[in-house]
Amino acid sequence: MAYKITSQCISCNLCLSACPNDAVKMIDDRPWIDPNLCTNCVDTVYTVPQCKAGCPTCNGCVKEPTDYWEGWFANYNRIIAKLTNKQDYWENWFNCYSQKFAEQLSQRHQDEKAVSC
Ligand code: SF4
Ligand code: SF4
């Protein structure tokens with residue numbers, strides 16, 4: 001089961017350099033994850049998928065379900081989490097990490113703009 005790029009991707013290209021397996025490619029100026037190269041970051045030094053961890057949109061790269069029932073349970077869990085206001089620990093972690101990362105990125109862009117003026 002590989003990760004995939006979703007419509008929420010803003011083409012910031014951060015995942016290209018973040019992937020330890022060089023699985024993220026550019027096709028027609030849009031990132032695409034080669035399912036034959038993506039290992040979900042298993043067997044690397046990382047404990048979490050690097051594309052998702054660094055994605056500033058939170059849902060620009062998501063795990064692709066392998067079969068109907070995995071997709072069904074993923075949707076079910078997401079809806080139940082919304083209805084009960086409970087979220088998965090890792091979902092919270094990723095959201096928090098991505099938000100901080102996006103803030104730092106934005107700050108760095110502002111600093112670079114200020115220096116170049
Ligand atoms: S890090 Fe996220 S938003 Fe940036 S290119 Fe990759 S999937 Fe798209
Ligand atoms: S899950 Fe890991 S191996 Fe797969 S595309 Fe993302 S960073 Fe690359």
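How many helices and strands are there in the protein? I looked this up first. The protein has four helices and four strands, where helices (H or I, at least four residues) and strands (E, at least two) are DSSP runs numbered from the N terminus. Read from the N terminus on, I get the order β-α-β-β-α-β-α-α.

Notes on the model. This is a predicted model, in which local features need pLDDT of at least 70 and side-chain atom pairs count only at pLDDT 80 or more, while totals for chains, interfaces and linings use all residues. Residues are numbered from 1 along each chain as its sequence is written, chains are lettered from A and ligands numbered from 1 in the order in which they are written, and side-chain values use heavy atoms, with hydrogens and water left out.

Overall extent. The C-alpha trace spans about 55 × 35 × 30 Å along its principal axes. I find that 28% of the 117 residues are buried, buried being under 20% relative accessible area, exposed over 50% and partly exposed in between (1.4 Å probe, protein chains only).

Cysteines. I searched the whole structure for disulfides, pairs of cysteine sulfur atoms within 2.5 Å, and the search finds zero. Cys9 is buried because its relative accessible area is 14%. Cys12, at 35%, is partly exposed.

Ligand 1. I counted a residue as near if one of its heavy atoms lies within 4 Å of the molecule. Ligand 1 is surrounded by 13 residues, and the closest are Cys9, Cys12, Asn13, Cys15 and Cys55. This shell holds nine nonpolar, four polar and no charged residues. The classes are: Ala, Val, Leu, Ile, Met, Phe, Trp, Tyr, Cys and Pro nonpolar; Asp, Glu, Lys and Arg charged; the others, Gly among them, polar.

Ligand 2. Which space does ligand 2 take? I find that ligand 2 takes the space of the largest cavity. The residues around ligand 2 include Tyr3, Cys19, Cys38, Cys41 and Cys51. By class, the shell of ligand 2 has eight nonpolar, four polar and no charged residues.

Glu64. Where does Glu64 lie? I place Glu64 in the loop between β4 (61-63) and α3 (68-84). Glu64 counts as partly exposed because its relative accessibility is 34%. The C-alpha atoms of Glu64 and Met1 are separated by 6.1 Å, although the two residues are 63 residues apart along the chain.

Conventions. 1 Å grid on protein atoms, 1.4 Å probe; cavity = no way out; pocket = protein on both sides within 12 Å on 5 of 7 lines; lining within 4 Å. Sits in = over half its atoms within 2 Å of the grid points.
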